[in-house]
Amino acid sequence: MKLGIIGSGAVGFAVGYTAARLGLVSDIKFNDKKEGLAKAQAMDIEDASSFYPHYVKMSSGSYRDMADRDIIVLATGTLDGIKDRLEEYVMYKDQVEAYVKEVVDAGFDGIFIVVSNPCDLMADLVYRVSGFEKERVIGSGTALDTTRLNTTLAKLLDIDPKDVRGVTLGEHGESQFVAWSRVAIGNMSLDEYLKANPCEFSRDEVENLVRERAWRVIDGKGHTQCGIGSTVCSIIDAIVNDKKSTILVASLLEGQYGIDDIYLSTPCVIGRKGVEKVLELELNDEEIKRIKHSEEVLKANRAKYE
Ligand SMILES: NC(=O)c1ccc[n+]([C@@H]2O[C@H](COP(=O)([O-])OP(=O)(O)OC[C@H]3O[C@@H](n4cnc5c(N)ncnc54)[C@H](O)[C@@H]3O)[C@@H](O)[C@H]2O)c1
């Protein structure tokens, strides 16, 4: 499988390195508008070839050179100096639109994974600009926020993060929320688990910690890497190995939760074809109100710049 990465900064590098380290693909090509960066990132990853499960061909190229890729990850843009991911939409929307058109015109016929923020609105844009079926445009959405929630709860409850089934829904941004009614620990609902294993914590506080986590990392080091690199690679893994994994990604909603015509996060089954199923959770009234609020926020932002 051939992976393309457009935007070879902190996130693009983390995705490429993690993919090579895990042996998910056989060929990775970087692109960046900054002269020399894509080539340098490819060389740096190639230098560790002896330690990967198998050899990965590393290279750099133009947008047009991305035509033969099976999957392209979009990781252009930057969070440094930004206060709300939505600010990146007006800053980078035209650039994303232009290079997606160029890549598609060159013959790319694979799957786009959109990480560039606001990743749900950008995925929505890529879907409309590319003319691809909705299954082949995936926003990384709240997959990372859900991973952060799982880790936060695992630390509080002293259990394995893999056994926490967290659910962060809506926008990958300020209006995201935890659907507490759907969170599970192993095979038990969170409420059932806490009844048998009491642990005092504030759900609002946990939700805020998850929402603010990215900003705390950025305050310290200027960007985020490991969480997003591994999260995107879990999506790549699901596609490459046709795993049919359920991951919280942004996909086109068509009536789920009474919402239409916008990319928003809900659990989706990811396999070789991309988004193979969009799952609708049973939510309580408060949670429905909150996912509709995310819809309003994203649609208002889209309309503002159309
Ligand atoms: N979805 C998520 O969960 C998530 C998590 C972290 C970061 N992000 C987003 O990922 C993006 C990248 O973040 P980063 O920390 O890697 O930033 P960064 O500044 O380190 O890297 C971005 C790179 O993109 C390049 N670039 C910009 N415009 C380009 C274009 N038109 N063509 C080619 N290259 C271009 C820049 O030269 C730079 O090297 C941002 O939009 C950020 O908000 C998303």
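Helices (H or I, at least four residues) and strands (E, at least two) are DSSP runs, numbered from the N terminus. The model is predicted, so that local features need pLDDT of at least 70 and side-chain atom pairs count only at pLDDT 80 or more, whereas totals for chains, interfaces and linings use all residues. Residues are numbered from 1 along each chain as its sequence is written, and side-chain values use heavy atoms, with hydrogens and water left out.

**View 1. Ser175 in the loop between strands E8 and E9.** Ser175 is placed in the loop that runs between strand E8 (168-169) and strand E9 (177-178). With a relative accessibility of 9%, Ser175 counts as buried, where buried means under 20% relative accessible area, exposed over 50%, and partly exposed in between (1.4 Å probe, protein chains only). Its side chain and that of Glu171 are joined by a polar contact of 2.5 Å; a polar contact is a pair of N or O atoms within 3.5 Å, of which, within protein, one must be able to donate a hydrogen and the other to accept it, and residues adjacent in sequence count only if both atoms are side-chain atoms. Once neighbours within four places in sequence are left aside, Ser175 is in contact with His293, Ser294 and Val297, contact meaning heavy atoms within 4.5 Å.

**View 2. His172 in the loop between E8 and E9.** The loop between E8 and E9 also holds His172, which is buried at a relative accessible area of 6%. The side chain of His172 reaches the backbone oxygen of Gly141 at 3.3 Å. Not counting residues up to four places away in sequence, His172 touches Arg85, Asn117, Cys119, Asp120, Gly141, Thr142 and Asp145.

**View 3. The cis peptide bond from Asn117 to Pro118.** The peptide bond that leads from Asn117 to Pro118 is cis, with omega near -10°. Pro118 lies in the loop between strand E5 (111-114) and helix H4 (119-130), while Asn117 is among the residues that His172 touches.

View 4. Most residues other than glycine have a negative phi, and most peptide bonds are trans. Asp242, found in the loop between helix H8 (226-240) and strand E12 (245-254), has a positive phi near 45° although the residue is not glycine, and Asp242 is partly exposed, with a relative accessible area of 32%. Asp261, which is found in strand E13 (residues 260-271), likewise has a positive phi, of about 60°, and is partly exposed at a relative accessible area of 46%.

**View 5. Ala196 in helix H6, with the setting of the whole protein.** Ala196 belongs to helix H6 (residues 190-196) and, at 52% relative accessibility, counts as exposed. Between Ala196 and Ala19 there are 40 Å in space, C-alpha to C-alpha, and the two are 177 residues apart in sequence. The protein as a whole has 9 helices and 14 strands, and its C-alpha atoms fill a box of roughly 55 × 45 × 35 Å, taken along the principal axes. Buried residues make up 54% of the 306 residues in the protein. Among the contacts with a separation of 6 or more, 70% are accounted for by residues 24 or more positions apart.
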